[in-house]
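Please have the display open as we go.

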Amino acid sequence: MRGDLSAFGHDPWWLIAAKAVAVFAFLLLTVLAAILAERKVLARMQMRIGPNRVGPRGLLQSLSDGIKLALKEGIVPAGADKPVYLIAPVIAVVPAILAFAVIPMGPTVSILGHATPLQLTDIPVAVLYVLATTSVGVYGIVLGGWASGSTYPLLGGLRSSAQVVSYEIAMALSFAAVFVTAGTMSTSGIVAAQHKVWFAVLLAPSFLVYVTAMVGETNRAPFDLPEAEGELVGGFHTEYSSLKFAMFMLAEYVNMTTVSALATTLFLGGWQAPWPMSMLDGANSGWLPLVWFSAKVWGFLFLFIWLRAALPRLRYDQFMALGWKLLIPASLLWMLVVATLATFGGPDQSPAPAAAAGVAVLALVTGIITWRSRRARRRAGSVQPPAEHPRVERNITAAEDYADV
């Protein structure tokens, strides 16, 4: 199956501009709503009230926070490299917005008499374009930490670069399984290939690896090591304020929206209606698929919020071990299985063998994790604590006697 790109490249300039503005507005409104939803949901999960003062039920809280940041004084540290310091937030936020250009949000519709797909553009290597643009955003984080002229922001930026490199390998391997199964790298072609079975079912190990990698890619809890407050004060954006800090926050939430939309496109059928809604006439035509697409994206955004509320932050060695020792080997093993099934099964193969192989790989990985954790617990139980030195005991006794006096 190959992606059909004949529907793209024929729109008038005004329609292209209108779709670009619509995508930008969709991202901005999603960010404002996601920030408010995160504060509300976290408050409910932690049995707090949350924002409820600005506007009815606190609905204008995100807007007021944005206005407050815009009106605050912008401070540039004395030791900062000013040009790089000012351009770093722009480098962080622009690639996150550009990556959304190839995300299909709906089928072909009619806009003022012009038939056009609800997608800004598509190319034969669209998913690689998304991977490339999102990886450029880490330069903004690294440069922001370095240009601040402070130690802790620099450490946060270096952590972020190591984190993105590690987890993009596993993410790319999960993409490869989708490419082999769909037979195309264009996003519209991948959505069309999931008309019968979603790849989240057919390629379950790739889906789980991608969901884990996308949380690490966006520096979100429990993988928010580049901005660990207890270790790095505030991370790479410690020395930023006003609109420059707001742009870093915008980049984080736009990245969350982009990776969620990419997960929807690659694994959840894109804009296609979920079962049993897909059995209804007209469920996958007109403007209604935009509702299905938005609902799936918000499902992943809720997952980001849920993870932040439920899980503690990992240690850095645990985080890197998860990527290099588990996700990458599991992705390689699963990619070998997918390539073998594609070679011997042909393009019209039944989804049953791939699903059974996915279950077997998941069971194998789960067994390895369980075995390793049990072995670690046995080793921890067999290690005896070292006996204290007599001189230490005498010092403790003397200190206690002195405290009693």
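Predicted model: local features only at pLDDT ≥ 70, side-chain atom pairs only at ≥ 80, totals over all residues.

How many aromatic pairs does the structure hold? The count is 14.

A second pair, Tyr 240 with Phe 248, is edge-to-face, with 4.9 Å from centre to centre and 80° between the planes. Here too the residues are buried: Tyr 240 has a relative accessible area of 5%, and Phe 248 has one of 4%.

The rings also form a cluster. Ring pairs link Phe 175, Phe 179, Phe 207, Tyr 210, Phe 267 and Phe 300.

This brings us to the nonpolar cores. In soluble globular proteins, nonpolar side chains tend to be buried together. In this model, the largest nonpolar core has 62 residues, and those with the most contacts inside it are Phe 175, Phe 199, Tyr 210 and Met 214. As for Phe 199, its contacts beyond four places in sequence include Val 178, Ile 190, Leu 266 and Phe 267. Apart from that core lies another, of twelve residues, among them Tyr 85, Ala 92, Ile 141 and Tyr 240.

I turn now to helix H1. How many residues does H1 have, and how far does it reach? H1 has 33 residues and spans 47 Å from its first C-alpha to its last, close to the 48 Å expected at 1.5 Å a residue. Its buried residues include Leu 15, Val 23, Leu 27, Val 31 and Leu 42, but also Lys 19, Thr 30 and Glu 38. Among the elements covering these buried residues are helix H2, helix H3 (82-98), strand S1 (106-111), strand S2 (114-118), H10 and H11. After H1 comes Met 47, whose phi is positive, near 55°.

Lys 19 lies in H1. Why does Lys 19 count as buried? Lys 19 counts as buried because its relative accessibility is 10%, and the limit for that label is under 20%. A polar atom of the Lys 19 side chain lies 3.2 Å from the backbone oxygen of Pro 117. Besides Pro 117, Lys 19 touches Asp 11, Thr 116, Gln 119 and Leu 120, leaving aside residues up to four places away in sequence.

The other residue is Glu 38, and it leads us to the charged pairs. A search of the whole structure finds seven salt bridges. In one of them, Glu 38 pairs with Arg 308, with the closest N and O atoms 2.7 Å apart. Because Glu 38 is in H1 (residues 13-45) and Arg 308 is in H11 (residues 288-310), this pair ties together parts that are 270 residues apart in sequence. Glu 38 is buried, at 3% relative accessible area, whereas Arg 308 is partly exposed, at 41%.

Another salt bridge joins Arg 220 and Glu 252, at 3.1 Å between the closest N and O atoms. Arg 220 sits in the loop between H8 (204-217) and helix H9 (229-232), and Glu 252 in H10 (residues 242-267), so this pair ties together parts 32 residues apart in sequence. Both Arg 220 and Glu 252 are buried. Through shared partners, salt bridges join Glu 38, Arg 220, Glu 252 and Arg 308 into one network.

Asp 65 is in H2 (residues 61-71) and Arg 39 in H1, 26 residues apart. Arg 39 is partly exposed, with a relative accessible area of 34%.

I close with a loop residue. Thr 184 is found between H5 and helix H6 (187-193). Is Thr 184 buried or exposed? Thr 184 is buried, with a relative accessible area of 9%. Its side chain reaches the backbone nitrogen of Ser 186 at 3.2 Å.

Methods:
Residues numbered from 1 in each chain as written. Heavy atoms only, no water. Salt bridge = Lys/Arg side-chain N within 4 Å of Asp/Glu carboxyl O. Helix = DSSP H or I, 4+ residues; strand = E, 2+ residues; numbered from the N terminus. Buried < 20%, exposed > 50% of the residue type's maximum accessible area, 1.4 Å probe, protein only. Polar contact = N/O pair within 3.5 Å; in protein donor to acceptor, adjacent residues only side chain to side chain. Contact = heavy atoms within 4.5 Å. Core = buried A, V, L, I, M, F, W, Y, C linked by side-chain atoms within 4.5 Å. Phe/Tyr/Trp six-rings, centres within 6.5 Å; stacked < 30°, edge-to-face > 60°. Expected span 1.5 Å × (residues − 1).
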